[in-house]
Every structure is written in structure tokens, then in C-alpha cells.
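Q: Hi, can we go through this one together? I'll ask as I look.

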Amino acid sequence: MNNKLDEIVEYRGVTDLVIAEVLADNNVEGEGYKTGEVIELAGVGEISKTTSNSSESKYYNNMAAIVINSTGADEIKCSTSVIPQDKLALITGQDYDEETGTLIEGERKVKYFALGYKTKKTNGDEIYVWRHKGTFSIPDSTHATENDGTDSNGQEVTYTGISTTHKFNKTGKPAKAINVDVAKGLADVSTFFDKVTTIDTLEKIAIEA
């Protein structure tokens, strides 16, 4: 019998916040799930995730007989450095004038994006993440007068993540995200952020003969 306890770790570290626009998300042959170019969004200071979920007991014969569970959207809060205005226009569906370098705040077009990043545990092991589909809020920002201190402000943007419509071949189901534990040494993550990686495109590490 193995009495060894699992290593106790916490999360400490987050890097490489990137996005890619979702161009197609359906189950039509030849289309399926497609995304655009992967681009860096901004420096990332913190990422937190909460998931909307609910449970309800159903009663029969005067007792709780079954429990119905429902899982909703993920809310991903990203604390970042100042997001460049052209990228801010892109993720919020607003207009950007390339000639004058001007963000035009106003009516928004709904756009969906994949969101990628790395997290790290206190033992140094990394987890690579791609969230497949979601929308961005207009980020909060604070501007304060300069003083003799070192105070400064970044931004916080909320990404609301949902499941794809597309059903992936490997599971036969839609998906919200993949989280790859690099410490397992099983998945090839050498090109993980070169494109949006899904459970269908993630490959095992090749074993040399």
C-alpha cells in the first residue's frame, strides 16, 4: 500500500496572455471550429475564474430522489497592464482609426475570442490553458494624479467564457477549455500558443525508438 501523500502545492504565477478571434464555431463539414492569428493581449498580473452553477433536488415519494445540476458560463477576470488601444478596440468590438491611432468608443459589435495563458504552481510545474470561446467586457480603468509615490494603475477586463457549438471529435462534445498539466510529460506543448490548441489538435509527445 502506498502511504505517500500527494504533494501539496498552490498556484503562484501567470504569464503569456494571448487571444485569437473565433472565426467559425459550428458542426458544418469543412468549417467546424476555426480561429484567427494568435496575438499577445497585454502583460498579465492576475487571473481569477468563477463558474456559474446551480443544483436542485427533486422530490418523489416524500424524499429527495435526484439532483439536477446545471453549469453556466465562466467569468475570467484578468488584471493586466494597459491594453493597447487597437487591441482594446478589437476585443470590445469597437472602431479604431489606424490613420490617427484613435479608439472610437461607441456601438459595439459582438465578437468571440479564444483566450490562452500559462499558470504555475509553487513547485514550478506549469499548466497551459486555452479557453475556446468567450466575449470581453469593456475593461475598468482608473486614472489618478501623479504624486511623489510609486502608485500606478493597470486595467481589469472580464472574459465571459462559454462552451463551443462545435463538437470535438475526441470527446463527441462541445468544450469550454483545455488545461494541460505539463508536469505529466504526456502532451506536446511546443506549439501550444502558436495557434489555438484544442483536444483534437493536441498531440502526445513523440517517443523516440
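Q: Leaving aside its neighbours within four places in sequence, which residues is Lys 133 in contact with?
A: First, note that this is a predicted model. Lys 133 is in contact with Asp 25, Tyr 112, Phe 113, Tyr 159, Thr 160, Gly 161, Ile 162, Ser 163, Thr 164, Thr 165 and Lys 176. That leaves aside neighbours within four places in sequence.

Q: Which side chain does the side chain of Lys 133 make a polar contact with?
A: That of Asp 25. The distance is 2.8 Å.

Q: Is Lys 133 buried or exposed?
A: Buried. Its relative accessible area is 11%, and buried means under 20%.

Q: Where does Lys 133 sit?
A: In strand β9, which covers residues 126-136.

Q: How many residues of β9 are buried?
A: 9 of its 11 residues. The strand is mostly covered.

Q: OK, strand partners. How many bridges join β8 to β9?
A: There are 7 bridges, and the two strands run antiparallel. β8 is residues 113-121.

Q: What about β11, how many bridges join β9 to it?
A: 3 bridges, and these strands also run antiparallel. Thr 135 has Thr 160 as its bridge partner in β11. Thr 160 is also among the contacts of Lys 133.

Q: New topic. Where is Asn 147?
A: Asn 147 is in the loop between β10 (140-141) and β11 (155-161).

Q: How does Asn 147 count in terms of accessibility?
A: As partly exposed, at 48% relative accessibility.

Q: How far apart are Asn 147 and Gly 172 in space?
A: 57 Å, C-alpha to C-alpha. In sequence they are 25 residues apart.

Q: Last one, the surface. Which residues make the nonpolar patch?
A: Tyr 60, Ile 66 and Ile 68. The patch is about 300 Å². Tyr 60 belongs to strand β4, residues 44-60.

Technical notes: Residues numbered from 1 in each chain as written. Predicted model: local features only at pLDDT ≥ 70, side-chain atom pairs only at ≥ 80, totals over all residues. Heavy atoms only, no water. Helix = DSSP H or I, 4+ residues; strand = E, 2+ residues; numbered from the N terminus. Buried < 20%, exposed > 50% of the residue type's maximum accessible area, 1.4 Å probe, protein only. Polar contact = N/O pair within 3.5 Å; in protein donor to acceptor, adjacent residues only side chain to side chain. Contact = heavy atoms within 4.5 Å. Patch = residues over 30% accessible without salt bridge, like charges linked within 9 Å, V, L, I, M, F, W, Y side chains within 5 Å. Areas by Shrake-Rupley, 256 points an atom, 1.4 Å probe, with all protein chains shown as cover. Salt bridge = Lys/Arg side-chain N within 4 Å of Asp/Glu carboxyl O. Pairing = 2+ DSSP bridges.
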